[in-house]
Amino acid sequence: MLRVPVQNPDGSPAMPTKASRARRWVQEGKATAHWNDAGLYYVRLVAESSGGHTQKITIGCDPGKKYTGIAVQSANFTLYTAHLVLPFDRVKERLGSAVIKQGKIIKNVRGRALQRRARRGRKINRKVPFNQRAHRQKRFDNRKRKGKLPPSIRASREMEIRIITELSKVFPITMIVYELVKADVDLTSGRKGARSGKGFSPVMVGQNWCVKQLQSIAPVKTVYGWQKNNNGTSQIRRYLRLEKIKDKKAQVQKSHAVDGIALAASEFVRYGVTPRKNSDTWGWKGSVNITYCIFRVITRPAYFRRALHFDNAEKGGIRKRKGGTITPFNVRYGDKVMAEKSGKTYIGWVGSFTKTKTKNISVYDHNWKRVGQFSPKKVQLIRRSNKLCVV
């Protein structure tokens, strides 16, 4: 049975309710309907609720390098699950043309830095003395800055934090269960197949920083994926009979979201010892009910950020504009729209437009594959860009 999140008139979260009751509240004018950035439909009460009692609700987060599973669980219901496609590879790429070295094309070059340095050189007036030239001063010394996260790792962890923040606005969260990872190549991991030397995965680099940020939302409990006391993610998942597939790219609940359910359920069930008169008995204690719930796939729009110009100028020294979000129409990049073509209706996100005689708007799906090009007159705005694509 699906449950609908509820907010009090002041915006504080209340306990979820049945979908039929939420519809009746909206029809009777006792509540208003809303959508949040995590793809959740919720209602906000007009008057204060009769009872303010809340039950225990936890969020389970299974972080990864490219994908993350998130789930919201109570003792009686599974309330929400999501599969996050992290922007790790996207942020890691650099803008600019490829560099050829020894006959090989090297991707992910620092094209943005090369553009910036070349642009500084063009802006400097070399006819004036050196101490009067318009050199751009450094903002900080990145060689001495401590605790700095790489942008690709920071972007992935910030996406997880944002989704959990949105969920905490509509669910009264009492605990966040976050899975910690140890690299296989590091001897400190305790794995039998670990190789000698030190090694850290991208998930390990940002997980401690992420835990500190999540503590401002709710108390955080960390769990390792495999623990000897049978309270790890995999053991709880098997106990709950949750099936998991090996294809991490699959945008289904069985790829990553099931681990989020297992992490959240660890607050309600636990493997331990029960004292007895004759002898202690080991086994699972507690109970949790896994139910059908909403599943969302969340990605980020893959349009280019604003760059001042292309690498090479055209005739006359004219440089084309590159990237950005503005269009000559009433929509911007990342806006969710409904487009019509040949009697068919499509829902997607604005990703580009053409400047030819037949001006068209390109609409993309959540994986940022182009659905088609549509006339601006047949493109209707659904929602302004929130830098997320949720299906």
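Is Trp368 buried or exposed in this structure? Trp368 has a relative accessibility of 16%, so the residue counts as buried; buried means under 20% relative accessible area, exposed over 50%, and partly exposed in between, with a 1.4 Å probe and protein chains only.

Good morning. Before I continue, a word on the source. This is a predicted model, in which local features need pLDDT of at least 70 and side-chain atom pairs count only at pLDDT 80 or more, while totals for chains, interfaces and linings use all residues. Residues are numbered from 1 along each chain as its sequence is written, and side-chain values use heavy atoms, with hydrogens and water left out.

I turn to the aromatic rings. A search of the whole structure gives nine aromatic pairs. Rings of Phe, Tyr and Trp (for Trp, its six-membered ring) pair if their centres lie within 6.5 Å; planes under 30 degrees apart count as stacked, over 60 as edge-to-face, and the rest as tilted. Strands (E, at least two residues) and helices (H or I, at least four) are DSSP runs, numbered from the N terminus. Phe329 is partly exposed, at 22% relative accessible area.

The rings of Tyr364 and Trp368 have centres 5.0 Å apart and planes at 10°, so they are stacked. Tyr364, at 14% relative accessibility, counts as buried. Both pairs belong to one aromatic cluster, formed by Tyr303, Phe329, Tyr333, Phe353, Tyr364 and Trp368.

Next, Asp37. This residue lies in the loop between strand E3 (31-35) and strand E4 (41-45), and is buried, with a relative accessible area of 15%. What does the side chain of Asp37 make a polar contact with? The partner is the side chain of Arg383, at 2.4 Å. A polar contact is a pair of N or O atoms within 3.5 Å; within protein, one must be able to donate a hydrogen and the other to accept it, and residues adjacent in sequence count only if both atoms are side-chain atoms.

Finally, Val220 is found in strand E11 (residues 220-224). Val220 and Tyr178 are 42 residues apart in sequence, and 6.9 Å apart in space, C-alpha to C-alpha.
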